[in-house]
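My notes are below, in the order I looked things up.

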Amino acid sequence: MKSGLVGRTRRARRGRPRTAPAHRFYHPCRICLARDIESALMTNRSPYKTIAVASTFSPRFRQVLAEAKRIQERFSADLHLIYVGKRNEETARKFSDALAQLELPVDSTIHYEEGDPPETILRSLAREKIDMVVAGALEKEIVLHPFLGNVARRLVREAPCSVMLFTRPAINPQPLRRIVFVADYSDYGLGALKKTLPFAAAESCERLYVIRIITTFDRARASIRGDATEGEKPQTKDEEEDALERFVLSAGATDVPMEARCIRGNTGLAASDFVQSVKADLLVVPMPKSAGAIQQLSSNIAWVTDVIPCNLWVIR
């Protein structure tokens with residue numbers, strides 16, 4: 001297994017059904033990595049030093065705080081709480097009770113902010129140089145598509161840091177067994193995959209799907225480039241899949257079972273449907289850092305600012 005790819009040559013891939021473009025990757029050194037993979041997140045190499053939870057005293061307040069505790073422990077980070085409202089005896093007591101119940105330090109830093117919730121949270125994140133913010137996600141659910149609330153949507157588009165949103169937070173968080181990563185071939189996309197691998201291992205992930213979203217618009221744009229540029233041709237199906245394989249392998253060795261898939265559809269919502277079809281627990285989307293303005297996302301991932309099929313991790 002020189003490349004770490006199991007099972008399919010280019011010739012074999014050409015003969016497989018169009019509906020099952022999957023590749024399975026099992027990298028070497030599984031035994032030695034298994035001993036160290038979780039502890040890797042607990043060292044100074046952790047990509048997140050400070051994690052904040054954006055909190056209100058909603059019915060899911062303690063559940064979101066419990067999820068933030070799990071993420072904070074995964075990355076051995078300092079935990080901050082951001083609360084939109086005034087500090088008084090009642091709020092201080094509620095925080096004290098919640099911190100004690102979840103066995104969090106009673107002297108955890110709490111930032112009391114006043115004003116418009118999205119604006120004050122974004123301002124606090126920038127001022128405190130937070131590396132990741134954790135929050136609840138849902139505003140409403142129509143048929144099979146849950147929609148982001150206003151605060152969560154603003155965090156995805158404008159936060160200066162990574163964002164992790166939970167659709168159904170729990171006091172006793174469940175492991176994230178199935179994870180879908182949206183591949184971006186940029187440097188920050190590769191860096192995001194490298195951050196995802198040790199986290200997935202620490203969660204005892206059963207399957208990490210690395211997907212490349214290819215929409216009708218993408219194919220049309222590639223055809224135009226091919227006609228306009230001499231010697232440049234649209235990528236074929238095999239070329240797309242080979243590029244995805246190389247991207248996954250370039251992230252390095254891992255103990256996590258992985259599959260690489262190209263997802264094709266008229267819109268990026270085909271990816272949302274795929275996430276639901278594999279019953280994913282977490283969707284991971286790389287995004288470049290925001291300068292504080294609303295980000296214009298590419299058409300194949302713009303849907304994540306409205307529809308959220310599962311928990312979401314935006315890596316900046």
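**Ground rules.** I am working with a predicted model, where local features need pLDDT of at least 70, side-chain atom pairs count only at pLDDT 80 or more, and totals for chains, interfaces and linings use all residues. Residues are numbered from 1 along each chain as its sequence is written, and side-chain values use heavy atoms, with hydrogens and water left out.

**Whole chain.** I found 10 helices and 14 strands; these are DSSP runs numbered from the N terminus, helices being H or I of at least four residues and strands E of at least two. Of the 316 residues, 50% count as buried, meaning under 20% relative accessible area with a 1.4 Å probe and protein chains only. I also looked at contacts, that is, heavy atoms within 4.5 Å. Among those with a separation of 6 or more, 81% join residues 24 or more positions apart.

**Strand β13.** I picked residues 282–286 and found 5 of 5 buried. In a regular strand the side chains alternate between the two faces of the sheet. Here L282, V284 and P286 are buried on one side, and L283 and V285 on the other. Which strands pair with β13 in the parallel sense? Strand β10 (178–182) does, over 3 bridges, and β14 (311–315) does too, over 5 bridges; pairing takes at least two DSSP bridges.

**Helix α9.** Residues 237–249 reach 19 Å from first C-alpha to last, close to the 18 Å expected, which is 1.5 Å times one less than the number of residues. I noted buried residues including D238, E240, E241 and F247.

**E113.** This glutamate is in strand β5 (109–113). Is E113 buried or exposed? It is buried, at a relative accessible area of 8%. Leaving out residues up to four places away in sequence, E113 touches I82, Y83, V84, G85, T120, R123, S124 and R127. E113 and S124 are 11 residues apart in sequence and 7.8 Å apart C-alpha to C-alpha.

**Second largest pocket.** A pocket here is an open set of 1 Å grid points where a 1.4 Å probe fits, with protein on both sides within 12 Å along at least five of seven lines, and lining residues have an atom within 4 Å of a point. I read 17 lining residues, with A54, T56, A135, G136 and V151 nearest the centre. Elements giving two or more residues to this lining are β3, α3, α5, β6 and α6.
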